[in-house]
Protein chains: 2
Amino acid sequence: MDALQVAHAAREAATVLAAAATERKNRALDAMADRLDDRRADLLRANEADLEAAREAELAQNLVDRLRFDSGKIDSRIESLRTIAALPDPVGESFEARRCANGMEMARVRVPLGVILMIYEARPHVTVNAGAFCLKAGNASILRGGSEAERCNTLLGGLWAESLAAAGLPANAVQVVSGSHEEIGELLAMEESIDLVIPRGGKGLIRAVREQSRIPVIKHFEGVCHVFLDEGIDLDAGLAVALDGKCLMPEVCNATETVLVHRAWRAELPRIVQAFRDNGVTVKGGEAVREAVADVEPATAEDWRTEYLDLVVSLRVVDDLGAAVRHINEYGSHHTDVIVTDSESRARGFLREVDSGVVLVNASTMFCDGASLGMGAEIGISTDKIHARGPMGLQDLTTYKFQIRGDGHLMGPNRVSR
Amino acid sequence: MDALQVAHAAREAATVLAAAATERKNRALDAMADRLDDRRADLLRANEADLEAAREAELAQNLVDRLRFDSGKIDSRIESLRTIAALPDPVGESFEARRCANGMEMARVRVPLGVILMIYEARPHVTVNAGAFCLKAGNASILRGGSEAERCNTLLGGLWAESLAAAGLPANAVQVVSGSHEEIGELLAMEESIDLVIPRGGKGLIRAVREQSRIPVIKHFEGVCHVFLDEGIDLDAGLAVALDGKCLMPEVCNATETVLVHRAWRAELPRIVQAFRDNGVTVKGGEAVREAVADVEPATAEDWRTEYLDLVVSLRVVDDLGAAVRHINEYGSHHTDVIVTDSESRARGFLREVDSGVVLVNASTMFCDGASLGMGAEIGISTDKIHARGPMGLQDLTTYKFQIRGDGHLMGPNRVSR
């Protein structure tokens, strides 16, 4: 990869994209959806080869799971591309439009950011989502996935180029690259050519990107996500929420890692532990849990801070809502947290007090998800507070300009002598 | 200054402020306005001492101008504090509220960022504005002004502490500090305690902050601002706009630096040059200007990129709107740019094509200004594209969380066996 050439090609493509009609961008998204379907067999073959190599390299099972791009995942990407094509174009949208006291008309009008560099681990579906989101919001993207997914990602990069060209847009508007660490380092220094960096992956990757980058970074750190089962609920319904968050896709960042149980449920702890075990989940417990169920492994403070990404859960008994909130704000990662409650006042208290990007009442942590929230998937889930927090959708990939119209307005006296 | 102590005090204050009632924050703002009035004589004396020291140190005139905090400026700060108190509180505001297809209710709800560190040069009025904006948006602030303004800033810091305490808020919610470069460096490493850094000042200051900081930075770089005088306008009205931008406050970032003149006005160049000279402005000209007025100094490519911050203007003849836009996007700093035109289509073209934070039609560059735009002043004018661009108001000092309410929503099958 020639970093300079990639960056310049992206900048040129960004200029064209910024002015591209919505219809043309949508055509490229639809073309990509068609190609994912047409080239399904090739994609599955490329992914199988990536998976085979990963197994040979003895990658951890959760990494292999993240690498998988099976027919069901291809279908959901096709659906997501169609959804993104159908979403309103954020570019040109105006907000805070008003007439100022001095008679000037002003509005903030959304415009693309420009060029976005995305650095992520494995996950071929990100190559589809991230390219699609950047494109729809008028940005050129440079996508650098994990080397484990290289065969599949390279094929997807080719499909992006074809789809863009088919819509009359620059083929370089989405570039899938596989540069070395040094070459990525060069890109991270190009603050004149690249407007935003989004790293998604392990802590090490994200720290390295942030430390090297001269470009603004929106970090996508880990999710140590909680479910708090309040007193007075239908316990089975609450357990169903906790199990959904833990078991459906344990390898993703919005999977549930810690379940906090109101002390009112102390007598039910054996049943709670059993429900996890019935679903193949290893339970690590705080003191009260281990008093109730002797063979539960102890959970330490280290466990409360751990993103297992696996069929493991830590379980703790807390005294009340306040204790649950304190635990979450202290040990959590400010990502996604849930309360299951029948109390309106405790629901409000939880929504207000928990300092996380996404806070939910009576729904599983899996719903921290752009598709469920009507955003047509998401480019990632920001753990930063600056620019974007939580699931990032189309408008989060734009900036704005102030457009102001006056009528010869002067701030001071007229200085033209006639 | 003990950096650790300052940061911890700010974090503690931020927790209180995040939950503080609007009325209490407004009471602190009103108390500060009262104090500025009551202690006016002391403030003027402190500022006079700072100015005296600056003159003795032979500071450049534009720096001395930025340091001045006279009675008129105090009045406008008082007015600004009252305006900010009267503005709606952004905290708790929700946006994008909707019912999702699966029946969940969601909204993004604004919350404070937390702790904001502001590093700026001289300018005592920033000590008032920045503290007021951060406070109203529920953030604790650490304000580090230029050492030239230390007497005045220290006094203002005391007034902030009194005003906060009078409203029952933590006196440390606004901390005015005067740390050494090393101590500021320590603050810039405290990513756990500080959420955002806003540097305002010369390029060197901003670069140093960005290079040292582990915390997200919103940069406030220079303004190389343009006025384009289109063909077919009332030339006197256009000149009035250009002169207002150049002469009213040449030391500020939104002052006009370059005036582009449509070639249709070639015959009027002597009159245009004279209008600037009549107002004490030195004109540097491109080739066509110097052909028309022999004694005009030449402007080089370096001039087109220069923020004079002084009574100097560069003047260039351009062929048409397209040439004006190209000049602005190439040589400008993407800050604030103006077209004076009677053509609706060229106004639209300029608003669309110029890639700047603020683009205006028929109004002077001075109107890139939060007060004029109904924002009650501004904390600064961002030259970044991430998080905030152009004049930063209250909502630009907040982040949000997604609040979602379900009804026992599961993403997968119910895993509780009964």
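Let's start with one pair of residues. In strand 4 of chain A, Ile142(A) is the bridge partner of Leu117(A). Before going on: what you see above is a predicted model.

Now widen the view around that pair. Strand 3 of chain A covers residues 115–120, and strand 4 of chain A covers residues 140–144. The two run parallel, and 5 bridges join them. They belong to an open sheet of 4 strands in chain A. Read across, the order is 5-4-3-6, and the pairing is parallel.

Which strands stand at the edges? Strand 5 (174–176) and strand 6 (196–200) of chain A do. Each has a single partner strand, so one side of each has no neighbour in the sheet. From one strand to the next, the twist averages 15 degrees.

Something packs on this sheet too. That is helix 1 of chain A, residues 3–18. Helix 1 touches strand 3, strand 4 and strand 5 of chain A. Its direction makes about 145 degrees with that of strand 4 of chain A.

Let's step back to the whole of chain A. How many helices and strands does the secondary structure of chain A come to? It is 15 helices and 16 strands. Along its principal axes, the C-alpha trace of chain A spans about 90 × 60 × 35 Å. Then the radius of gyration. A compact globule with 418 residues would have one near 22 Å; chain A has 24 Å, which agrees.

Next, helix packing. Keep your eye on helix 2 of chain A, residues 22–38. I'll take two of its contacts in turn.

Who meets whom? From helix 2 of chain A come Thr22(A), Lys25(A), Asn26(A), Ala28(A), Leu29(A) and Leu36(A). From helix 6 of chain A come Val128(A), Ala132(A), Leu135(A) and Lys136(A). By class, the residues of this contact of helix 2 with helix 6 of chain A divide into 6 nonpolar, 2 polar and 2 charged.

The next contact is with helix 7 of chain A, residues 150–166. Helix 2 and helix 7 of chain A pack at an angle of about 135 degrees, with their axes 8 Å apart. That makes helix 2 of chain A oblique to helix 7 of chain A. This crossing is right-handed. On the helix 2 side, the contact includes Ala28(A), Leu29(A), Met32(A) and Leu36(A). On the helix 7 side, the residues include Leu156(A), Leu159(A), Trp160(A) and Leu164(A). The residues of the contact of helix 2 with helix 7 of chain A divide into 10 nonpolar, 1 polar and 2 charged.

One more helix pair in chain A. Helix 10 covers residues 235–247, and helix 11 covers residues 269–278. They pack at an angle of about 35 degrees, with their axes 11 Å apart. The crossing of helix 10 and helix 11 of chain A is right-handed. Helix 10 of chain A brings Leu235(A), Asp236(A), Leu239(A), Ala242(A), Leu243(A) and Lys246(A). Helix 11 of chain A brings Arg271(A), Ile272(A), Ala275(A) and Phe276(A). By class, this contact of helix 10 with helix 11 of chain A has 7 nonpolar, no polar and 3 charged residues.

On to chain B. Here is an open sheet of 4 strands, in the order 5-4-3-6, with parallel pairing. Strand 5 (174–176) and strand 6 (196–200) of chain B are the edge strands, and each pairs on one side only. The twist averages 15 degrees from one strand to the next.

Strand 3 of chain B, residues 115–120, runs parallel to strand 6 of chain B, and 5 bridges join them. Which residue in strand 6 of chain B is the bridge partner of Met118(B)? It is Ile198(B).

Helix 9 of chain B, residues 203–212, lies across strand 3 and strand 6 of chain B. Helix 9 runs at about 160 degrees to strand 6 of chain B.

Conventions
Residues numbered from 1 in each chain as written. Chains lettered and ligands numbered in written order. Predicted model: local features only at pLDDT ≥ 70, side-chain atom pairs only at ≥ 80, totals over all residues. Heavy atoms only, no water. Axes fitted to C-alpha atoms, helices over the stretch in contact; angles between N-to-C directions. Contact = heavy atoms within 4.5 Å. Nonpolar A, V, L, I, M, F, W, Y, C, P; charged D, E, K, R; others polar. Pairing = 2+ DSSP bridges. Rg over C-alpha atoms; globule rule 2.2 N^0.38 Å. Parallel < 35°, antiparallel > 145°, perpendicular 65-115°, else oblique. Left-handed = near helix turned anticlockwise from the far one by under 90°.
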